[in-house]
Amino acid sequence: MSTTRRSLMAGAAAIAATPFAARAQGANDLKGTTVVFASWGGAYQDAEKVSYCEPFAKATGATVVQDGPMNVAKFRAMAGSGSPDWDVVDVTGGFLEVAAKDGLLEKIDTKLVNVGRLDPRFVHEYGVGCIVWSYNLGYSTAAYANGAPTTWADLFDLKKFPGKRTVLDQPVASLEVALLADGVAPDKLYPLDVDRAFKKLDQIKAQTVFWTTNSQSQQLFVDREVTMGIILNGRVYDAAQKGAKIALSWEQNIQAVDYLVVPKGSKNRAAAMRLIDTMTMAENQTKVANLIAYSPTNLAAVKDVDPKVVPWLCTTPDNIAKGFVMSQLYWRDHLKDLTERWTAWKLA
Amino acid sequence: MTRLVMNQDGMAPWRIVRGTLCLLVAVFLLAPLFVVVIISFSSAPFLQFPPPGLSLRWYVQLFSTPAWINALVVSVEMMVPAALLATIMGTAAAYALVRGRIPGARLVMACLMLPIIVPGMITAAALFGIYRGLGLNGTLTGLVIGHTVLNLPYVLATVSSALRVQDSRLEQAASTLGAPPWATFRRITLPLILPAVLSSLLVAMILSFDELIVSLFVSSARVRPVAVQMWSNVMGDFDPTIAAIASVCFLFALLVLVADLALRRGPRLT
Amino acid sequence: MEARLRLDRKAWLLLPAALTIGVAFLLPVGWLLSRAFTDPQPGFQNFELLWQRPVYMRVMGNTLWIAAIVTPVTVLLAFPVAHLMAHGSPQMRRWLIFLVLVPFWTSLLVRAFATAILLQRHGVINSFLLGFGIVEEPLPLLYNITGLLAGCVQVLLPFVIFPLYSSMARIDPAYMRAASTLGASPVRSFFRVYLPLTLPGLVTGATLVFVSTLGYYIIPAMLGGARQQMIAQLIQDQIATFGNWGVAGALSIVLLGATAVLLLLLQLTVGLKEIAR
């Protein structure tokens, strides 16, 4: 983790020092240009449309077409062909690292994107962080009315906190959680001690339901199928808003970032970069947070967010301090082997 | 008379077992549908059963979202031609393979069945790759071709099993008596295999409607069938809007089936 | 001469389907699968990898095993329905066709969720069983083989019912009458006369079920548990997460090979039975 953070900060410092000219261009200068924006669909993409795409279209005269849902195989097939249908795509941090290594992305043009507005931890050479989300310990408030679990160690304590668990069906984050629960400090986490992590996970394996989609992680709590587990902050917020008896702990939250990227060979590279620049503005990020409670990468955006939403964001000063950013570089290099091992572990 | 009685005595236990099993299967098939329809009228923002209260909010949500209406239109425009093409080509191929003496018929049959054996992901990515060069991604034509390919094996399997059971001597007799092949097919073979042909047409439509993976690759934001729209929704959040669209499809299915049954009623009873 | 002409005419009927499958399926897919031998470099390294890492073959075995459980259960449940459909009153037939087709129109995704709602710990079935005192603890019906089986069978039933029905509907009742006139017991005439006549439909249905199950991944992901890992999920991972077409192609080829062997065996046994008849 520390290496990632350091290299990112160094990169960002260099970027922040470059002169910035994007805003100098006149309004409506992109009239007639069409930018295709692809994301994950649902309420999230609706929020992005209203918060980034519409202000961008208004300011530049460009037309933004919504597409998706984002699909890694489709992205690869497109970018591999050299003439992608998509111009700006919302991708996960894990895919960003892989795609950057495989040469599927355009470099972020820092003359057009003011990356200096963002927290340097969320800026990458090939992508700009648009939202941050975190893996948290979620639990049923009905099951643990007297004394709620707070740490990852509690997830593994079946005596003190009986009940079924849920863990995401992938090694990413699950192995980190196991090691944190076993007492490894966040800054000593990478490279992961994989044997130790699996040994720890063995403790709860028989009691665990694995989730594969985010909606499933919510549904498991709503259906009282599980009482505690690893779940995303936004999902706990959403379920709690809708009246589910669920809460989360911020202790050692594991943060991950979604990035906007431009697939290699985009015909509208410059316009795409400027759409990304619109995303970096604090007022636009505030809108997304208000609509869907995903955390801003421009930390200045937090102060204007609805006070009811703020406690659920992982990039408030308090929650940043309690958490850390997952190393996507580690996962880029180990995901394949560890996924194999994860599958074998589940079958064993 | 005695034989009839004997027969019934022997069959009675089987009739009871058969009835019970059919009832069980009926419950098994319909229970999830009841759950879906009831949840679509839920007032809760979750897929919760039984729902805490009733409301129409998910239907309002559904019909106030143009994307859903558009998706329904695309689905129909895609599944009808794809099912028709697959049924015509599949029936013709089944007839040729079962009745004709074609060298290596088994091998040809196996090749034609491949689209259901090859994992959908592979087919989807392969079509996506080929379509790129032809500009077929994001077009109705592209979706129809892909779905015709996926439907063909089902038609072929159903129709050829109907043909195999049917006695071919009738056809032989007809052609010996000088009936041209087309007349033999139309007058003798087709009426006999019609139930199989029609049911494979319906099944093909349903399969198209439900198919996700090829649709996901080949569709675009503007040409997007219901299955992809649903998936896109599920990726974001999972609320009873999904149950509402499912119930609308269910209603649509009821109408199609009632129409189908009404159409088939005449010839069937004679 | 005339005979040959007739054969040629029938062969023409094969052309549209063969062309469609050839151009729009075999060509693109063949090209993709060939990457198992070329990606990242020419050779058999992708197959070697599958051999060296035991997890792949285990998941493959697991998948075949699950399909081998799903198929007989589906056939057994489909049989009485098809039978009633074929030999019941026309009204009964219409109701049954209705019954089987209607659920089919509801998205697999939605039905899987609804099935989960029925099977869960606090779900309808468990409430029923607890309420009537049949069990004392909720039964674990979901996120294990039971849940997976319920999901697969539910989706696949029509694929057996229809071919089976079209075989049964063609059976001349005179055969059964003849058998019983000749003194065969109902059980004997069922197994000796009736069942063999349904074989083409039964085999078609069972094959469709078996082969479709091999490719499933939405249902195992939603209703199965940790141990119900199936091969399609791994293929999907290789393509979607890793962009590793070579390994995905190799896995698909292994899957296809296994399927082909099974189908061949099936064809041989049924073919022999047909000849014996």
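Student: Which residue ranges make up domain 1 and domain 2 of chain A?
Tutor: The model is predicted. In its domain assignment, chain A has a domain 1 made of 2–132 + 256–320. The assignment gives domain 2 of chain A as 134–255 + 327–347.

Student: What distance separates the centres of domain 1 of chain A and domain 2 of chain A?
Tutor: The centres are taken over C-alpha atoms. Between domain 1 of chain A and domain 2 of chain A, the separation is 28 Å.

Student: Which helix gives the most to the side of domain 1 of chain A that touches domain 2 of chain A?
Tutor: The contact takes 16 residues from domain 1 of chain A and 15 residues from domain 2 of chain A. On the domain 1 side, α1 (2–17) and α4 (93–101) of chain A each supply at least two residues. The most, six residues, comes from α4(A).

Student: Which element supplies the largest share of the side of chain A that touches chain C?
Tutor: This contact takes 17 residues from chain A and 19 residues from chain C. In chain A, α3 (72–81), β7 (208–211) and α13 (328–347) each supply at least two residues of the side that touches chain C. The largest share, seven residues, comes from α13(A).

Student: How many charged residues has the side of chain A that touches chain C?
Tutor: By class, this side of chain A has six nonpolar and three polar residues. Its charged residues number eight.

Key
Residues numbered from 1 in each chain as written. Chains lettered and ligands numbered in written order. Predicted model: local features only at pLDDT ≥ 70, side-chain atom pairs only at ≥ 80, totals over all residues. Contact = placed C-beta atoms within 7 Å. Helix = DSSP H or I, 4+ residues; strand = E, 2+ residues; numbered from the N terminus. Nonpolar A, V, L, I, M, F, W, Y, C, P; charged D, E, K, R; others polar. Domains from an automatic or database assignment.
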